[in-house]
Amino acid sequence: SSKADMKGKKVLVTAGPTHEKIDPVRFIGNYSSGKMGYALAEECASRGAEVTLVSGPVSLSLHNPAVKLVRVESAREMLAACEDVFPSSDVAVMCAAVADYAPRNVADHKIKREHSDVPVIELVKNPDIAATLGKMKRSGQLLVGFALETDNEADNACEKLQRKNLDMIVLNSMRDKGAGFGTDTNKVTIFKADGAREEFGLKPKREVAADIVDAIMSI
Ligand code: C5P
């Protein structure tokens with residue numbers, strides 16, 4: 001895109017999974033590739049925005065040197081980075097697949113295979129980064145979330161939009177082939193806080209990113 005409609009805007013994007021440490025060699029994670037978040041960060045930067053990308057562990061590289069990359073591992077680290085950057089942001093897009101739970105204790109030595117007992121890993125709830133930023137949000141700031149649902153998709157997405165105080169939510173359907181985790185394409189429906197809803201076709205993630213940014217700029 002040759003548009004420069006985000007010039008002067010500061011944008012925060014989260015991307016990728018989080019890894020929640022069990023011991024020095026193991027973690028709880030998920031299959032998020034980070035592709036959608038990286039595409040969004042690149043799209044915003046190419047349209048003139050000043051972008052900070054807070055990324056969980058992924059094996060992707062950035063093509064646009066204008067994107068400031070902050071690497072984190074866990075949900076708690078991602079929250080801290082976002083709390084730091086959000087107050088001076090105009091737009092925040094929460095694209096990361098944040099782990100819902102983390103082990104209560106991180107073992108400082110590799111957990112050994114037991115002869116009799118199977119280890120039990122006690123979990124604690126992770127902070128909800130999007131909801132935390134939703135509470136911090138000032139007028140003029142725009143907060144965008146994602147939803148990945150298997151059933152009651154639209155209802156669940158709209159409930160999340162309200163509960164987390166978002167201005168817009170992007171629903172990826174698990175039902176669509178070529179959409180969601182790991183793929184290079186995505187198929188989304190965008191719901192805005194005013195009730196407007198727009199459905200898009202299956203396309204490369206960079207084009208999906210352009211549609212999402214168009215929707216953001218229309219608010
Ligand atoms: O509640 P759920 O995980 O389905 O919500 C998805 C949205 O909330 C995404 O935008 C995701 O990045 C964000 N989220 C978050 N922190 C969490 C869980 C979800 O920012 N702990």
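This is a predicted model: local features need pLDDT of at least 70, side-chain atom pairs count only at pLDDT 80 or more; totals for chains, interfaces and linings use all residues.
Colleague: How do you know that the length of helix H5 agrees with its number of residues?

Modeller: H5 covers residues 205-218, which is 14 residues. At 1.5 Å a residue the helix should span 20 Å, and its end C-alpha atoms are 20 Å apart, so the two values agree.

Colleague: Which residues of H5 are called buried, and what makes them so?

Modeller: Buried means under 20% relative accessible area. In H5 the word applies to Lys205, Val208, Ala209, Ala210, Asp211, Ile212, Val213, Ala215 and Ile216.

Colleague: What makes Lys205 part of the lining of the second largest pocket?

Modeller: A lining residue has an atom within 4 Å of a point of the pocket. Lys205 is listed in that lining, so it meets the cut-off. H1 and H5 each supply at least two residues, and the largest share, 4 residues, comes from H1.

Colleague: How does that lining divide into nonpolar, polar and charged residues?

Modeller: There are 3 nonpolar, 2 polar and 4 charged residues. The pocket holds about 190 Å³ of space.

Colleague: What is the volume of the largest pocket, and which residues lie nearest its centre?

Modeller: The largest pocket holds about 980 Å³. Its lining has 40 residues, with Ala96, Ala97, Val98, Phe146 and Leu148 nearest the centre. The division is 18 nonpolar, 13 polar and 9 charged.

Colleague: Which strand gives the most to that lining?

Modeller: Strand S9 does, with 5 residues. Among the other elements that supply at least two residues each are strand S1, helix H1 and helix H3.

Colleague: Why are S6 and S9 called paired?

Modeller: Two strands pair if there are at least two bridges between them. S6 and S9 have 4 bridges in the parallel sense, so they qualify. Val91 stands opposite Leu142 in S9.

Colleague: How many bridges join S1 to S6?

Modeller: S1 and S6 are joined by 4 bridges and run parallel, so this pair also passes the requirement of at least two. Ala92 in S6 is the bridge partner of Leu12.

Colleague: Which way do the residues of S6 point, and are they buried or exposed?

Modeller: Val91 and Val93 point one way, Ala92 and Met94 point the other way, and all are buried. In a regular strand the side chains alternate between the two faces of the sheet.

Conventions:
Residues are numbered from 1 along each chain as its sequence is written. Side-chain values use heavy atoms; hydrogens and water are left out. The expected span of a helix is 1.5 Å times one less than its number of residues. Buried means under 20% relative accessible area, exposed over 50%, partly exposed in between (1.4 Å probe, protein chains only). On a 1 Å grid over the protein atoms alone, a cavity is a set of points where a 1.4 Å probe fits but cannot get out, and a pocket is an open set with protein on both sides within 12 Å along at least five of seven lines; lining residues have an atom within 4 Å of a point. Grid points are joined across faces, edges and corners, and a volume is the space filled by probe spheres set on the points. Ala, Val, Leu, Ile, Met, Phe, Trp, Tyr, Cys and Pro count as nonpolar, Asp, Glu, Lys and Arg as charged, and the others, Gly among them, as polar.
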